[in-house]
Number of protein chains: 2
Amino acid sequence: MSSTSGLRPARVLEGFEPIPPVDAAVRARADRRLDVLTKPLGALGRLEPLAAQVFAIQRTLEPTVMRPVAVVFAADHGVADRGVSAYPRAVTGQMVQNFLAGGAAISVLARLEGLELWIVDAGVDGDCGEHPRLINAKVRAGTRDFVAEPAMTAAECREALRRGQAALLRITEGSNTVVLGEMGIGNTASSALLMHRLTGRPLADCVGRGTGLDDTGLERKRATLATASARTQTTDPLELLAEFGGFEIAMLTGAILACAARRMVVLIDGFTVTVAAALAVRFDPAALEYCVFGHCSAENAHRRLLEYMNVTPLLDVAMRLGEGSGAAVAVGVLRASLALFREMATFESAGVSDKGS
Amino acid sequence: MSSTSGLRPARVLEGFEPIPPVDAAVRARADRRLDVLTKPLGALGRLEPLAAQVFAIQRTLEPTVMRPVAVVFAADHGVADRGVSAYPRAVTGQMVQNFLAGGAAISVLARLEGLELWIVDAGVDGDCGEHPRLINAKVRAGTRDFVAEPAMTAAECREALRRGQAALLRITEGSNTVVLGEMGIGNTASSALLMHRLTGRPLADCVGRGTGLDDTGLERKRATLATASARTQTTDPLELLAEFGGFEIAMLTGAILACAARRMVVLIDGFTVTVAAALAVRFDPAALEYCVFGHCSAENAHRRLLEYMNVTPLLDVAMRLGEGSGAAVAVGVLRASLALFREMATFESAGVSDKGS
């Protein structure tokens, strides 16, 4: 989690503060503590660097998950009308209601893990109504069809980034951990194109079946994205986001930057949220140290993007649902890691003989 | 989780009841329910077959984790004096005290996950004292050195199997889920030999660094085990267990058979507990359907053994601590899987459009 892995900084975004870097000396102190706990060196595997990372973020020897919040950003996509998803576009708004009614996967997991669940309407095509846990941040009722024209204007894109930032600052007061998720029929198409242009990986490596396209659908998705990609040659992250992004992706990017600036642990969910993390890191490389990658999705492009970013996800259980569901399950692993770090005895305190002694 | 994968049944053990098979029709009903929940087909990945497995074990559409118990079986090994571990033999008994005092990894994880933690002295070389959560089931103060002679007599081996069964029946009253762990300096040596002879895989594929052997130590461990293996050609599981086993491995085998007969969910931890599961399946193939493999250890032989048994672990986070620690972390994933199964809305109840509709 220590490298910005080829994601070169592009520009600091207007209206966003620079993210404070994590202190390597602080992290080294955590590593030393891990080495005297009653276990063979490194025997807690991935849970050890995870604990050290959170220690370095929170700068305390008593790292905790405090008032954790889960946020799902929902938006529609003009390109969805071209048959790039297995589900009809109306599902985005229907799932927002399901989130709020408590019946969606993320609703269940948020209850189980004690996460306060918020839904942000980033650009749903339709009225989501009123609910105490719903934030209306809609920029527009879905993006334009990016095959024909830019998905959003530059002004809309900046506004979405700012609204993502504002939403997070509002709802994470007193919290030190956030789980980020998304919902948007068609958004893996948008994510694939963004990944392709951000990383330079061939488009075919970035396109997957999303919610469950068949072979014909997958072929259509690839062809549609190839056509869209040919419209512009830009590699500027802000321009790419406006050209091919979704409003939920833009708001997630703003949210990640805002949470990192606040020194929160940011639990990244699947493919689409990881694309937003890759964008955030292009805007401010220091953001990466605040991200914990919750799981590796069954959407193949996700594994490739995680590898490109040189990060290791916590879970690898073939989930591919979005909504923040994989990251929500990973909260349990995060809690385990921190509890072990805080509560395990040392060889000395427990009177256990250390290696070779 | 549906195949006994080459582990042919050998004989039913005296004093153990036959394990009731899981009903395929019951499992199919669970699969049908999973397919109408508000998510793309299969989008919860590994969590879906896990929920269906537990449904088939508990035979209810409301599967739960009820009064979960974690049990750590501890024992010493004669072979440990030959330098096959990075730690001195005294650590086994010291760690038992650490478990009971609350400072070990499994102590911390048991508190976090709400597991009732029990320690079974299966054959520790030394007096473990008295404690309300300690069961003295000691057969002998450690095994004999299996390089020179059988680790236990046939009578000791049968007694260990029975005491493992008895311990579990005593402490899991009213529980439907058990996490099994072990502690025993030198026990990956025993496990490696058992795996080698149970699976027919080359010895080199079964031997790893355990708690952290260096290259010289690893070479010594391999040579020691090759010498021991040459003593007998038996492939009978009961004879193998007596020849090369540990008392904790024998009791774990009895414990797995007992819990499966009681239709409990049995969470298997790392390499050594998986070897016990492989033995249990040789005695009664129906045991496999009750086992949930909590994680894949960084001890390489573990991955190979899981593959041989044709089972997929839940977590793969490079833990290699034993004690039941990996399986204890996996309890969170199990709980998530069951909560989703119980509480998610269906497409119909939530008014969400299904695929292609």
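In strand β4 of chain B, M183(B) is the residue that A74(B) stands opposite. The model in which this pairing occurs is a predicted one. The strands concerned are β1(B) and β4(B), the latter covering residues 177–183, and they pair in the parallel sense over 6 bridges.

## The sheets of chains B and A

The pair belongs to an open sheet of 6 strands in chain B, which has parallel pairing and the order β3-β2-β1-β4-β5-β6. Strands β3 (134–136) and β6 (291–293) of chain B stand at the edges with a single partner strand each, so one side of each is left without a neighbour in the sheet. From one strand to the next, the twist averages 25°.

A helix is also placed against this part of chain B. Helix α11(B), residues 271–283, lies across β4, β5 (265–268) and β6 of chain B, and runs at about 115° to β4(B).

Chain A holds an open sheet of 6 strands with parallel pairing, in the order β3-β2-β1-β4-β5-β6. Its edge strands are β3 (134–136) and β6 (291–293) of chain A, each of which pairs on one side only. The average twist between one strand and the next is 25°. Within the sheet, strand β1(A), residues 69–75, and strand β4(A), residues 177–183, pair in the parallel sense over 6 bridges. Here F73(A) stands opposite E182(A) of β4(A).

## Packing of α4 and α13 in chain A

Two packed helices are described by the angle between their axes and the distance between the axes. For helix α4(A), residues 105–113, and helix α13(A), residues 325–343, the axes come within 9 Å and cross at roughly 15°. Because angles under 35 degrees count as roughly parallel, α4(A) is roughly parallel to α13(A). The crossing of the two helices is left-handed.

On the α4(A) side, the contact involves I106(A), L109(A) and E113(A). These meet S325(A), A328(A), V329(A), V331(A), G332(A) and R335(A) of α13(A).

## Helix α4 of chain B

Helix α4(B) is mostly covered, with 7 of its 9 residues buried. The buried residues are A105(B), I106(B), S107(B), V108(B), L109(B), A110(B) and E113(B). They pack against α13 of chain A and, within chain B, against β1 (69–75), α3 (91–101), β2 (116–123) and α13 (325–343). The surroundings of α4(B) therefore include elements of chain B and a helix of chain A.

S107(B) lies in this helix, which spans residues 105–113. Its relative accessible area is 3%, and S107(B) is buried. Apart from neighbours within four places in sequence, S107(B) is in contact with N98(B), F99(B), G102(B) and L117(B). After α4(B) comes G114(B), whose phi is positive, near 70°.

## Individual residues of chain A

L218(A) lies in helix α8(A), residues 215–229. L218(A) and G208(A) are 10 residues apart in sequence, and their C-alpha atoms are 7.0 Å apart in space. Not counting residues up to four places away in sequence, L218(A) touches V207(A), G208(A), R209(A) and L213(A).

Two loop residues of chain A call for a remark on backbone geometry. Most residues other than glycine have a negative phi. R67(A), however, has a positive phi, near 45°. This residue lies in the loop between α2 (47–58) and β1 of chain A. E323(A) also has a positive phi, near 70°, and is found in the loop between α12 (300–308) and α13 of chain A.

The table lists the accessibility of selected residues.

| Residue | Relative accessible area | Class |
|---|---|---|
| S107(B) | 3% | buried |
| L218(A) | 9% | buried |
| R67(A) | 33% | partly exposed |
| E323(A) | 2% | buried |

E323(A) is thus a buried residue, with a relative accessible area of 2%, whereas R67(A), at 33%, is partly exposed.

Notes. Residues are numbered from 1 along each chain as its sequence is written. Chains are lettered from A and ligands numbered from 1 in the order in which they are written. This is a predicted model: local features need pLDDT of at least 70, side-chain atom pairs count only at pLDDT 80 or more; totals for chains, interfaces and linings use all residues. Side-chain values use heavy atoms; hydrogens and water are left out. Two strands pair if DSSP finds at least two bridges between them. Helices (H or I, at least four residues) and strands (E, at least two) are DSSP runs, numbered from the N terminus. Axes are lines fitted to C-alpha atoms, for helices over the stretch in contact, and angles run from 0 to 180 degrees between N-to-C directions. Angles under 35 degrees count as roughly parallel, over 145 as roughly antiparallel, 65 to 115 as roughly perpendicular and the rest as oblique. A crossing is left-handed if the near helix is turned anticlockwise from the far one by less than a right angle, and right-handed if clockwise. Contact means heavy atoms within 4.5 Å. Buried means under 20% relative accessible area, exposed over 50%, partly exposed in between (1.4 Å probe, protein chains only).
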